[in-house]
Amino acid sequence: MIKDLLVVADAVGEAAGPYALSLAREVGAAAGCLYLQPEGGDEAPLAELPYGFALSAREAALAVVRDAADDLSYAARTADVPMERETLSGSAGDIRSRLLDRARLADLIVVERADPGRDKPADAYIEDLLLGAGRPILVVPARWGRPARFGAVTVAWDGSAAAARALADALPLLSRAERVRILTVQTEAVAGVSEGGARVVKHLGRHGIAADYRAIISGTTVGETLLAEVAQAGVDLLVMGAYGHSRLREVFLGGASRDLLRRITVPTLMAH
């Protein structure tokens, strides 16, 4: 069950908050909202600026964050969604520690995808949440304007521990779906894949969830194939494991996780 939902936001992103509220209303959850406002950045550190100017810049930045939080609070009251909010400001390391501490007690974390050319404070913490929170993360595409719905859901399945965790974490949402497809993407044929897919379908059936299975042998990357399949099928939610290989291997070889984090076009639930 999803009863405690956390949205990680900032004053720039516009998609995570509204999507999280619609999801909270759909599943009957309370929402917590953490607005992030790191100090410093590409500009001169505040400590190196004249005190009055630094204080003014900090207060102006926090005022913008408070305005964004006020807007979301109003939307939560309108939607009759219980919501608590908090602003995390300070150094990047301090925010990371406090953010993970709070995230570990959420049933699901919602954050907006990084948007190339439009840096947002929350972007720097998406991988920290994926790898360090121990909770599922639902990444919403930048500028996504639709509420949460689950007409069609695709589950990317490769038999890994990460995929199994994502499948289990997504059960409350899969139970609301009209259509569920289990999808395996391979770069070459592997024996036993169909049998594994049939077991996933059987497992979901025991939870009262009807699903079908499809395996694809792709000539491109797993990420590109998933994106193409999701777009063609008109999927409302993609479910997948994140960083199924070691983090070091992902860094050097890339991988579906990193590729999709940059390019997802539909809300995507990930677990590590």
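Two strands are taken to pair if DSSP finds at least two bridges between them, and helices (H or I, at least four residues) and strands (E, at least two) are DSSP runs, numbered from the N terminus. The model is a predicted one, in which local features need pLDDT of at least 70 and side-chain atom pairs count only at pLDDT 80 or more, whereas totals for chains, interfaces and linings use all residues. Residues are numbered from 1 along each chain as its sequence is written, and side-chain values use heavy atoms, with hydrogens and water left out.

The structure contains an open sheet of 10 strands with mixed pairing, in the order 3-2-1-4-5-10-9-6-7-8. Its edges are formed by strand 3 (83-90) and strand 8 (212-217), each of which pairs on one side only. From one strand to the next, the twist averages 20°, where axes are lines fitted to C-alpha atoms, for helices over the stretch in contact, and angles run from 0 to 180 degrees between N-to-C directions. In general, strands of a sheet pair through backbone hydrogen bonds, either parallel or antiparallel.

Strand 9 (residues 237-241) runs parallel to strand 6 (residues 152-156), to which three bridges join it. Within this pairing, V153 has L237 as its bridge partner, and T154 stands opposite L238. Strand 9 also pairs in the parallel sense with strand 10 (residues 268-271), over four bridges; here M240 is partnered by M270. Because five of its five residues are buried, strand 9 is largely enclosed by the rest of the structure. Buried denotes under 20% relative accessible area, exposed over 50%, and partly exposed in between (1.4 Å probe, protein chains only). Apart from its neighbours within four places in sequence, L174 is in contact (heavy atoms within 4.5 Å) with V153, V155, L167, V180, L204 and I209.

Helix 3 lies across strand 1 (4-9), strand 2 (30-38), strand 3 and strand 4 (108-112), and runs at about 155° to strand 3. R102 belongs to this helix (residues 92-103) and counts as partly exposed because its relative accessibility is 30%. Its contacts, leaving aside neighbours within four places in sequence, are L6, L34, E86 and L88. Of these, L6 is 96 residues from R102 in sequence, with a C-alpha to C-alpha distance of 8.7 Å.

Most residues other than glycine have a negative phi. D80, which is not a glycine, has a positive phi of about 60°; D80 is found in the loop between helix 2 (51-78) and strand 3 and counts as exposed at 68% relative accessibility. A positive phi, near 65°, also occurs at R143, in the loop between strand 5 (137-140) and strand 6. At 54% relative accessibility, R143 likewise counts as exposed.

A cavity is a set of points on a 1 Å grid over the protein atoms alone where a 1.4 Å probe fits but cannot get out; lining residues have an atom within 4 Å of a point. Grid points are joined across faces, edges and corners, and a volume is the space filled by probe spheres set on the points. One cavity of 30 Å³ or more is counted by this rule. The largest cavity holds about 40 Å³ of space and is lined by Y19, W144, R146, P147, A148, R149 and D236.

Key: On a 1 Å grid over the protein atoms alone, a cavity is a set of points where a 1.4 Å probe fits but cannot get out, and a pocket is an open set with protein on both sides within 12 Å along at least five of seven lines; lining residues have an atom within 4 Å of a point.
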